[in-house]
Amino acid sequence: MTLQRYPIARDIVIDKVISCHYFELAINYWHRGERHDFWELVYIDRGELRVSTDSRDYELKQGDLLVYEPNEFHRPSSNGKIAANMYIVSFECSSPALRFFADNKLFHLGNEEIATVSLIMKEGWNTFGPNPVAGKLARQSDSPFGSEQLFVSYTEMLLLQLMRKADVLKEKKQRASVVKGKQESGLIDKVTAHMKDNLVGNLTLAHLCETFSVGRTHLSMLFKAKFDCGVLEYWNRLKIDKAKEHIRQNNNNLTEISEMLGYNSLHYFSRQFKKTTGMTPSEYAKVLRERLFKQITD
């Protein structure tokens, strides 16, 4: 029986290594900056480090890892307070997947990634010695079997871990956004239901915020996003809709409707009605009568 051979896909393949070095920097360390045509990983093992790049400035702390893409300018320096120990690995890689790091550069490593960095350091030491010269790497004659391959494999593994971690964080943010959206939608439903139950008299934003334990700015932003109006403006719309309903039922005159909805005067009621609908309550009632007459005569 002939069994099918499955070709293994390798998403990230490091072609060549330029440097792997552990630096213990002085508290007044400063570099003039550089750019080069290969990738570089900078891991802060201890202390803090400032880095300026083409796109932004970074304040790196212990456990942070920064990725420089090819030809990206970078200028590291001490913050003058806490000296940094950092580990650098630079390499050539033509794998398209690595373009991910053009937009995702800064990572704070967890225990799993830190363990991988430790393995990279160990195999880098085994392969090239404690202080290899950048651009002039040479395998030691007494290096353990497979150390060079393990060094590259662990570095590739770290890159894969970083990409996976970013995907997990993105998924968590999306889930959190969905949950937050549902919570906010539920809040709006509760607030609008409360408004409909309290159309008479005065309703204040402060009362709503206290009742539903929400900030004024946050509640206003939610209403603006969903209804394109302010909180109290929406409540006034509800009142006018209720007034229109009373007018259509024709069981009460306009003065009575105004009082039923808690308006201070018929004049104020008429002004609010026109502001919302573009016509006065009397004009609205007249339009309804004309439509009814037209339906009867037709």
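## The five-stranded sheet

Five strands make up an open sheet in the order β1-β7-β2-β5-β8, with antiparallel pairing (strands are DSSP E runs of at least two residues, numbered from the N terminus; two strands pair if DSSP finds at least two bridges between them). At its edges sit β1 (16-24) and β8 (106-108), each pairing on one side only. On average, neighbouring strands here are turned by 15° against each other, direction ignored; axes are lines fitted to C-alpha atoms, for helices over the stretch in contact, with angles from 0 to 180 degrees between N-to-C directions.

Seven bridges link β2 (residues 39-46) to β7 (residues 85-92) in the antiparallel sense. Within that pairing, Leu-41 has Val-89 in β7 as its bridge partner.

This is a predicted model: local features need pLDDT of at least 70, side-chain atom pairs count only at pLDDT 80 or more, and totals for chains, interfaces and linings use all residues. Residues are numbered from 1 along each chain as its sequence is written, and side-chain values use heavy atoms, leaving out hydrogens and water.

## The helix across it

Helix α1 lies across β1, β2 and β7, at about 75° to β7. After α1 comes Gly-129, with a positive phi near 95°.

## The three-stranded sheet

A further open sheet runs β4-β3-β6, again with antiparallel pairing. Its edge strands are β4 (57-61) and β6 (74-77), and the twist averages 20° from one strand to the next. Four bridges join β3 (residues 48-53) to β6, and Arg-50 stands opposite Ser-77 in β6.

Key
Contact means heavy atoms within 4.5 Å.
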